[in-house]
Amino acid sequence: MQLDSLYQEVILDHYKNPQNKQLKSDNDAQVHHVNPSCGDEVTLGVKLVGNLIESINWEGVGCSISQASTSILSDLLIGKTLEEAALISENFLHLMQSKGAEEGDPEVLEDAVAFAGVSKYPARIKCALLGWMAFKDASVQARNVEAK
């Protein structure tokens, strides 16, 4: 029970004090994703230097889960390679699909393990994944820009 309270605090802290929540004009790619089931929205930009994620910046509206998850994602993935980011993203997706059976690896997911409890609520999983799906889309587009 104590861990759940700590996780709720982490989510609320990222919701109230979001990281990297300001779109920049020099992104290699920028995407806009909407969760049709609740109306949450995120516009997320990515800037790469080679294979390294130099910047993830975003704007969004919606519930504390979608906004905090995007904040944590941006904080966690900046400075990582695209391969490292893909591994972290896969771990987060696995956690969200666990229906509460997994706790997540804090070595890999850091603050994102706070969403372990969210995976028990199917209607909230899309909220937690909104920013992650936007990042996946934007990183593919940014990689294509870098390749040209």
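In this predicted model, E54 has a relative accessibility of 43% and therefore counts as partly exposed. The residue belongs to strand β3. Apart from neighbours within four places in sequence, its contacts are K47, L48, V49 and I78. A further relation concerns N27, which is 27 residues from E54 along the chain; the C-alpha atoms of the two residues are 9.7 Å apart.

Strand β3 spans residues 52-61 and pairs with β2 in the antiparallel sense, with nine bridges between them. One of the paired positions involves V42, whose bridge partner in β3 is G60. The two strands make a hairpin with two residues between them, and G50 in the turn takes a positive phi of about 65°. Strand β2 itself covers residues 41-49 and is mostly covered, seven of its nine residues being buried.

Q30 stands opposite G45 of β2, and V31 has L44 of β2 as its bridge partner. The hairpin of β1 and β2 has six residues between the strands, and G39 in this hairpin has a positive phi near 90°.

Taken together, the three strands form an open sheet in the order β1-β2-β3, with antiparallel pairing. Strands β1 and β3 are at the edges and have a single partner strand each, so one side of each lacks a neighbour in the sheet. On average, neighbouring strands of this sheet are turned by 20° against each other, direction ignored. Helix α2 (residues 64-77) packs on the sheet, where it touches β2 and β3; the direction of the helix makes about 165° with that of β3.

Most residues other than glycine have a negative phi. The position of E110 is in the loop between α4 (106-109) and α5 (122-147). With a relative accessibility of 45%, E110 counts as partly exposed.

The cysteines were examined for disulfides, and a search of the whole structure finds zero. For C38, the closest cysteine sulfur is that of C127, at 3.9 Å, which is too far for a bond because a disulfide requires sulfur atoms within 2.5 Å. C38 counts as partly exposed, at 41% relative accessibility. C63 is likewise in no disulfide; its nearest cysteine sulfur, again that of C127, is 3.8 Å away. C63 has a relative accessible area of 17% and is therefore buried, the cut-off for this class being under 20%.

At the level of the whole protein chain, the secondary structure comes to five helices and three strands. Along the sequence, these elements follow the pattern α-β-β-β-α-α-α-α. The radius of gyration is 14 Å, close to the 15 Å that the globule rule gives for 148 residues, so the protein chain is as compact as a globular protein of that length. Along the principal axes, the C-alpha atoms fill a box of roughly 50 × 30 × 25 Å.

Of the 148 residues of the protein chain, 44% count as buried. The protein chain exposes about 7,800 Å², of which carbon and sulfur atoms supply 51%. Among contacts between residues at least 6 apart in sequence, 58% join residues at least 24 apart.

Definitions and conventions
Residues numbered from 1 in each chain as written. Predicted model: local features only at pLDDT ≥ 70, side-chain atom pairs only at ≥ 80, totals over all residues. Heavy atoms only, no water. Buried < 20%, exposed > 50% of the residue type's maximum accessible area, 1.4 Å probe, protein only. Helix = DSSP H or I, 4+ residues; strand = E, 2+ residues; numbered from the N terminus. Pairing = 2+ DSSP bridges. Axes fitted to C-alpha atoms, helices over the stretch in contact; angles between N-to-C directions. Contact = heavy atoms within 4.5 Å. Rg over C-alpha atoms; globule rule 2.2 N^0.38 Å. Areas by Shrake-Rupley, 256 points an atom, 1.4 Å probe, with all protein chains shown as cover.
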